Amino acid sequence: MRGILVKYSGAIGLALLIAGYLFYSVYNQFDWRSLTSVFGGAALILIYLAANWSSIWQAISSRQGRYGSAAGATALLVMGIVVLINFLNFKNHKSFDLTETGLFGLSEQSKQVAANLTEELQISGFFASASGSQQFRDMMENFQQHSSLLHFEVIDPEVDVAAATRYEIRRNGQAVIESGTKKETVELLDFQDGWQPDNEERITNAIIKVTRQRDKSVYFLQGHGERDIEDSREEGFSLLAEALRKQNYQVETWNLAQQDKLPESVDVLVSAGPQVNFLPAEVQLIRRHLESGGKFLLMVDPQSDFDMNQGFLQDYGLALSQDIVLDVSGTGQLMGLGAAAPLAGSYASHPITSKLADFLTFYPRCQSIQVSEGSLGYDQVELIKTTVRSWGERDIEAEEVEFNEDVDRPGPLTLAAVATKTIVIEEEGPPASEESQQGAEDGGDKEEGGGGDEETPAEEPQDRESRLVLIGDSDFATNQYFGTSRNGDLFLLSVQWLAEDTDLLAIRPRSQTDRRVNLTAAQSQLIMWITAALIPLATLVAGFMVWSSRR
């Protein structure tokens with residue numbers, strides 16, 4: 001019995017080592033069971049080596065043993081190299097997402113938000129299922145690659161009831177984001193179906209919310225036929241407003257004519273698709289807003305009665321061409337549209353458009369913009385241009401349109417432009433106190449005694465940049481086209497740049513592309529016959545022909 005135990009101790013020890021490793025890898029626990037398996041297996045292997053040392057040494061010393069030792073050494077060397085590569089990969093982890101839309105990696109916006117963290121951020125995910133915990137852990141590790149200030153933990157609410165109670169967790173799949181005294185709880189979608197891009201967006205928006213000093217405001221002007229941000233029809237702007245609110249902007253409407261003033265705290269002012277001109281008093285309010293370093297986004301469709309070139313836009317070096325841009329290059333067919341929906345041919349190197357260089361945006365029924373030197377000293381940048389095979393059609397009412405050199409403007413044409421100017425804001429010092437005012441009245445006596453109050457030093461003037469964005473179209477951002485290609489991103493990037501939100505100037509997370517193939521009954525039958533009958537039959541015929549030719 002003892003001899004049998006010694007004889008098979010090596011095999012039993014190896015089996016115990018493998019069992020201990022498998023138990024640890026499956027349950028992720030190195031408890032007494034895995035420890036017993038590992039140490040017991042190692043002891044049995046040592047017993048086998050000690051009992052059979054002479055025969056083992058004889059086998060190693062033989063000619064065949066030397067060859068085997070050389071092969072074993074080579075195998076060990078290869079294994080060592082593999083282990084070293086894995087160790088270096090673990091210490092310097094890099095992952096690559098090769099999917100078309102970057103579905104299993106972070107979006108550019110999430111990376112930028114994480115990289116711009118300046119304070120410690122703690123994210124706690126509450127998951128009872130192993131799959132949900134692992135998916136959440138993978139996503140958090142992706143975030144950690146871009147910031148050492150981001151920390152996370154995964155908590156089982158059924159095990160750590162105290163933590164779930166402390167964070168007021170009501171259900172499985174919630175995450176708590178904390179920064180300083182701010183805390184935000186988000187609901188995450190079920191990870192059972194794999195990676196959920198919406199979860200990344202919710203985490204990113206929560207990070208922005210707890211790290212931002214205040215929520216910035218975007219006001220949409222009303223009273224000139226502008227588009228309605230609450231309209232859920234195709235021509236409405238409800239999707240646009242929802243996207244802004246998801247990024248923690250306060251979105252409101254404002255009627256300048258009724259209020260006769262600007263909102264007290266406005267970060268970005270937007271006029272989307274006005275059909276008539278602003279009133280003179282409204283123009284003065286908008287001018288005053290820009291003069292104080294304000295931000296204004298103006299999107300004007302063609303064939304409207306809005307014509308504010310003289311007395312407003314030209315002062316900033318911008319002008320509407322009052323035409324319709326046609327593009328006969330055929331690029332519009334890529335989006336199922338015609339010549340009256342030109343695609344962007346090129347983008348300027350600018351914070352708004354730099355992230356769009358590899359993507360398409362299109363503009364149904366738009367007009368071109370002209371850039372010149374304005375009277376107010378603003379600098380202009382032409383953001384988006386069409387292709388060479390485009391022109392600005394002036395004769396809009398014609399039944400058949402064609403390029404007329406004497407009237408129409410040849411391409412490439414500008415579809416969007418910005419005008420900027422640095423404004424020096426002189427900030428007043430704090431108001432004088434009663435004691436200082438009394439000191440000023442008795443200044444002579446104080447000066448004689450040498451005990452006058454010291455003057456409050458004036459604050460340094462702060463520079464602000466006045467920014468105006470002009471786009472010759474508002475259709476591109478409507479509900480009908482907001483989610484198509486990168487049209488929605490162009491609008492959001494414009495608002496983010498105007499609001500000076502540098503951490504948001506990136507492409508949003510993208511959803512998974514639906515790649516299902518819908519087949520008719522006839523097509524399904526055809527595929528069945530080809531795969532189940534024709535291909536096997538062809539293989540049999542080819543085999544029979546080869547066999548016949550070799551007889």
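**A guided conversation about one protein chain**

Visitor: Where is the place of Leu 188?
Guide: Leu 188 lies in the loop between strand 4 (182-187) and helix 8 (197-211). Helices (H or I, at least four residues) and strands (E, at least two) are DSSP runs, numbered from the N terminus.

Visitor: What kind of model is this?
Guide: This is a predicted model, in which local features need pLDDT of at least 70 and side-chain atom pairs count only at pLDDT 80 or more, while totals for chains, interfaces and linings use all residues. Residues are numbered from 1 along each chain as its sequence is written, and side-chain values use heavy atoms, with hydrogens and water left out.

Visitor: Back to Leu 188: buried or exposed?
Guide: Leu 188 is buried, with a relative accessible area of 10%. Buried means under 20% relative accessible area, exposed over 50%, and partly exposed in between (1.4 Å probe, protein chains only).

Visitor: Which residues is Leu 188 in contact with?
Guide: Leaving aside neighbours within four places in sequence, Leu 188 is in contact with Phe 127, Phe 136, Gly 173, Ala 175, Asn 199, Arg 202 and Ile 203. Contact means heavy atoms within 4.5 Å. The C-alpha atoms of Leu 188 and Gly 173 are separated by 5.5 Å, although these residues are 15 apart along the chain.

Visitor: And Val 388, buried or exposed?
Guide: Val 388 counts as exposed, at 64% relative accessibility. Its place is in the loop between strand 13 and strand 14 (390-393).

Visitor: What does Val 388 contact, then?
Guide: Beyond neighbours within four places in sequence, Val 388 is in contact with Gly 411 and Pro 412.

Visitor: New topic: which residues touch the most other members of the largest nonpolar core?
Guide: Of its 41 residues, these are Phe 220, Leu 244, Leu 297, Ile 384 and Phe 491. A nonpolar core is a set of buried Ala, Val, Leu, Ile, Met, Phe, Trp, Tyr and Cys residues joined through side-chain atoms within 4.5 Å.

Visitor: Which element gives the most to this core?
Guide: Helix 14 does, with seven residues. A second, separate core of 28 residues includes Val 266, Tyr 316, Tyr 378 and Ala 417.

Visitor: Finally, how many helices and strands are in the protein chain?
Guide: The protein chain has 15 helices and 17 strands. Of its 551 residues, 39% are buried.
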